[in-house]
Amino acid sequence: LPDSTWKIYLDRRTILLTFLHTNLSLHFLRRHHKRVELLKKSSFYIEILPKHLALGDQSHPMHPINMFQQVDPWRLQRMKKVGTTQTKIQLLLLEDLLKQLKRGREELLGCLKTCNVVTFLSQWDCIKQRLSELSKMIETFLGTLVPGKLHLKHRLVPDARAAKTPRIRLVLSAKMPVVFDRKGSVAHEDRVTLKWLSTSQQAQPEPYELSFRLLEHGAQEKGHGGNVTITSNTCEIQNLLPGRRYQFTVRRAETYLLVYEQWHDSITLQTERSPGQDMASSL
């Protein structure tokens, strides 16, 4: 091969390798696969903001109760349904884009491994086109990771009061999933101490719903379970049966503005056997 052809080949190969090691690296795909999995387990809410404020700007907080007094509840319910649909579409789109990016990476790696110099150069226009497509796809994917605006089809504030209220907009926000602290949750003979974590930053403590049930039971023990609502990240549940397996589930307590929550964390713990049980089994 002439030196000029070889140089063109090396330059173009470097362009492709750089793209695969930076824009579409394995690290990028793995990191964002985790982010998508986390989003699928998150809770999504509608936020009502004045139009002039940026999302997350707390310098001019709106008092939700004042806003709810002016928002049409029926129209808000309709917008919550729109929010649910938009969230489901967003999550499906993220999964699909991630699959396409993985497939695109494999295709480009295949070109590097199987093509000789002449074939590689003859296919360069197609490779360049693919790089452009994948770059746009990465841009779309990263933009879709952030929950977006909700497009208002109807005014939420009745026209008669519109002059007295700021112009509002609706956005979707996500709270990271609540998960049990596996090391910090411990079972004793007749009680358990449970701890859970959430990475979402909250100005005020959140209410959580904790439910528990006995996994294996006889006729005498049926219905041994319950639900607790608690504004804390720890809880002790007492009066449990010794030597039994219980399943515990935690989630955020449902609020008026929740639009989508498909997942909650569960943990199974076995209470310690009582001395009487140990003695009976040894006999």
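**Helix H1 and the cores**

Tutor: Bear in mind that this is a predicted model. In helix H1, the buried residues are Tyr9, Leu16, Phe19 and Leu20. Seen down the axis of H1, these buried residues fall within an arc of 100 degrees, so they line one face of the helix.

Student: Which residues are exposed on the other side of H1?

Tutor: On that other side, Asp3, Lys7 and His21 are exposed.

Student: And what do the buried residues of H1 pack against?

Tutor: They pack against three helices, namely H4 (73-114), H5 (117-122) and H6 (124-144).

Student: What span should H1 have, given its 19 residues?

Tutor: At 1.5 Å a residue, the 19 residues of H1 (residues 3-21) should span 27 Å, and the end C-alpha atoms are 26 Å apart, which agrees.

Student: Switching to the largest nonpolar core, which residues touch the most other members?

Tutor: That core has 42 residues, and Ile46, Leu101 and Phe120 are the ones that touch the most other members. Elements that give two or more residues to this core include H1, helix H2 (26-40), strand S1 (43-50) and strand S3 (168-175), while H4 gives the most, with 10 residues.

Student: Where does this core lie relative to the domains?

Tutor: Domain 1 (3-145) and domain 2 (176-270) both give residues to this core, so it lies between them.

Student: What is Leu101 in contact with?

Tutor: Leaving aside neighbours within four places in sequence, Leu101 is in contact with Leu24, Phe28, Leu29, Leu134, Met137, Ile138 and Phe141. There is also a second, separate core of 19 residues, which includes Phe180, Trp196, Cys235 and Ile267.

Student: New topic: how many aromatic pairs does the structure hold?

Tutor: The structure holds eight aromatic pairs. In one of them, Trp196 and Tyr208 are arranged edge-to-face, at 5.8 Å centre to centre and with 70 degrees between the planes. This pair links distant parts of the chain, with Trp196 in strand S6 (residues 192-198) and Tyr208 in strand S7 (residues 208-214), 12 residues apart.

Student: Is Trp196 buried or exposed?

Tutor: Trp196 counts as buried because its relative accessibility is 1%, and Tyr208, at 4%, counts as buried as well. Another pair, Phe212 with Phe248, is stacked, at 6.2 Å centre to centre and with 25 degrees between the planes. Phe212 lies in strand S7 and Phe248 in strand S10 (residues 245-252), 36 residues apart, and both are buried.

Student: Which residues do ring pairs link into a cluster?

Tutor: Ring pairs link Trp6, Tyr9, Phe120 and Trp124 into a cluster.

Note on methods:
Residues are numbered from 1 along each chain as its sequence is written. This is a predicted model: local features need pLDDT of at least 70, side-chain atom pairs count only at pLDDT 80 or more; totals for chains, interfaces and linings use all residues. Side-chain values use heavy atoms; hydrogens and water are left out. Helices (H or I, at least four residues) and strands (E, at least two) are DSSP runs, numbered from the N terminus. The expected span of a helix is 1.5 Å times one less than its number of residues. Buried means under 20% relative accessible area, exposed over 50%, partly exposed in between (1.4 Å probe, protein chains only). The arc is that of the directions from the helix axis to the C-beta atoms. Contact means heavy atoms within 4.5 Å. A nonpolar core is a set of buried Ala, Val, Leu, Ile, Met, Phe, Trp, Tyr and Cys residues joined through side-chain atoms within 4.5 Å. Domain bounds come from an automatic or database domain assignment. Rings of Phe, Tyr and Trp (its six-membered ring) pair if their centres lie within 6.5 Å; planes under 30 degrees apart count as stacked, over 60 as edge-to-face and the rest as tilted.
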